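Have a look at the chain first, then read on.

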Amino acid sequence: MAFKIAVLPGDGIGPEITAGAVAVMAAAAKKFKFGISHESALAAASAVDKGLPPLPDPTFKLCKESNAILCGPFGDPRWDNAPPKDRPERAKLILRKEFDLFANLRPVQPIKALIDASPLKRELIEGVDILVVRELTGGLYFAEPRGYAEDAKGKYAFNTLRYHVWEIERVAKAAFEAARLRGKRVCSADKANALESMQLWRETVQRIRDTQYTDITLTHMYVDNCAMQLVAKPRQFDVLLAENLFGDVLSDIGAELTGSLGMLPSASLGTGTPLFEPVHGSAPDISGKDKANPCAMILSAALMFTHAAKRPDIGKCIEDAVSKTLAQGYRTGDIARGSTGEKLVGCRAMSDAILAAL
Ligand code: IPM
Ligand code: MN
């Protein structure tokens with residue numbers, strides 16, 4: 001049976017970068033004679049524009065019946081003032097929750113050819129290899145109670161930062177397991193100096209380490225210090241574990257270390273259909289202009305082969321094709337620095353160059 005992929009191109013630059021990723025994914029599968037089938041479906045603003053909910057039923061069904069979801073960015077500025085529950089991004093949160101995708105892996109590995117595209121100095125960035133493990137189904141994004149209300153002082157809004165022990169345990173284990181395959185070090189970011197939920201987070205992560213992962217070196221860092229350390233001394237990190245919102249913020253910092261948010265892929269794993277998506281957003285300002293960087297989306301397809309299809313050889317081949325293309329000088333606008341040898345290209349030409357390198 002062919003490996004079945006649900007493709008959700010999403011909003012803004014989503015369709016452009018997805019076209020590139022699907023072409024690369026199909027070519028890589030063919031090269032390795034690995035059977036895949038893929039089907040696209042509507043979600044987020046592109047669905048709402050057709051009078052459908054952000055996550056239409058047929059889309060959810062397709063995802064449920066697939067072996068993996070390759071997902072573009074969701075979000076549209078036309079909903080900037082809408083409450084969270086009515087926004088196109090909601091579709092992504094529903095997928096994460098429904099498929100129980102509690103572990104979000106966001107690898108931060110600067111590509112050699114792009115070291116000088118990083119805003120940090122070469123000496124700080126060389127050798128950086130971080131895996132951000134972000135909790136993805138709990139915390140402020142999902143816990144109840146939440147909403148808008150009113151009292152004697154007027155209108156207010158609120159969210160809840162709550163974590164059960166079991167939620168912390170399972171994502172901590174995911175981080176320790178990942179560390180075992182890498183440098184065997186985990187740094188857990190929290191805010192135990194101010195929040196009870198984060199005190200429980202710290203205690204629980206430490207207990208899992210002490211009872212089940214004594215081969216792993218665990219450190220704890222307050223998240224504000226961690227954000228600072230990420231730009232000051234990024235090489236100190238191996239696996240970086242954080243709750244949902246902290247992980248969201250820290251992974252954007254991590255992404256920028258690599259030169260552009262347009263380079264960073266992610267894998268969301270749990271009990272249901274795993275989901276693979278770029279860390280960046282829908283970039284409405286450049287959408288439809290053939291200016292987007294397809295690399296994060298293409299690298300997300302690579303993570304899909306590695307983690308969902310259990311074919312790290314195919315994943316590695318795609319990653320190598322991306323590195324090779326960048327080494328040849330191809331650059332989309334976000335990673336171009338105007339140096340000699342650079343070939344400034346659009347989204348389509350970048351995808352084609354990666355396809356050729358494959
Ligand atoms: C991400 C995004 C999402 C998040 C948004 C679109 C809801 O920023 O995947 O990092 O906050 O998780
Ligand atoms: Mn984010």
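1. A bit of housekeeping on naming: helices (H or I, at least four residues) and strands (E, at least two) are DSSP runs, numbered from the N terminus. With that in hand, D100 sits in the loop between α4 and β4 (103-108). This is a predicted model, where local features need pLDDT of at least 70, side-chain atom pairs count only at pLDDT 80 or more, and totals for chains, interfaces and linings use all residues. Residues are numbered from 1 along each chain as its sequence is written, chains are lettered from A and ligands numbered from 1 in the order in which they are written, and side-chain values use heavy atoms, with hydrogens and water left out.

2. On the overall layout, the chain is assigned domain 1 (1-102 + 261-358) and domain 2 (119-257); such bounds come from an automatic or database domain assignment. Taken over C-alpha atoms, the centres of the two domains are 24 Å apart.

3. Now the interface. Counting contact as heavy atoms within 4.5 Å, 13 residues of domain 1 touch 14 residues of domain 2. About 1300 Å² is buried between domain 1 and domain 2, with 60% of that from carbon and sulfur atoms; buried area here is the accessible area (1.4 Å probe) that two parts lose on being put together, summed over both.

4. How many salt bridges are there between domain 1 and domain 2? The count is one, where a salt bridge is a side-chain nitrogen of Lys or Arg within 4 Å of a carboxyl oxygen of Asp or Glu. Helix α4 (residues 90-98) gives the largest share of the domain 1 side that touches domain 2, namely four residues. That side of domain 1 splits into eight nonpolar, one polar and four charged residues, with Ala, Val, Leu, Ile, Met, Phe, Trp, Tyr, Cys and Pro taken as nonpolar, Asp, Glu, Lys and Arg as charged, and the others, Gly among them, as polar.

5. Back to D100, which is worth a click. R170 and D100 form a salt bridge, with their closest N and O atoms 3.0 Å apart. The side chains of D100 and T271 are joined by a polar contact of 3.0 Å, meaning a pair of N or O atoms within 3.5 Å; within protein, one must be able to donate a hydrogen and the other to accept it, and residues adjacent in sequence count only if both atoms are side-chain atoms. Beyond four places in sequence, the contacts of D100 also include T137 and L269.

6. Then the ligand. Around ligand 1 (a heavy atom within 4 Å) are E89, R96, R106, R134, Y141 and D248. Oxygen atoms of ligand 1 lie 2.7 Å from a polar side-chain atom of R96, 3.0 Å from a side-chain N or O atom of R106 and 2.5 Å from one of Y141.

7. Last, some backbone to check. Most residues other than glycine have a negative phi, and most peptide bonds are trans. A44, in the loop between β2 (36-40) and α2 (45-48), has a positive phi near 65 degrees. The peptide bond from E144 to P145 is cis, with omega near 0 degrees.
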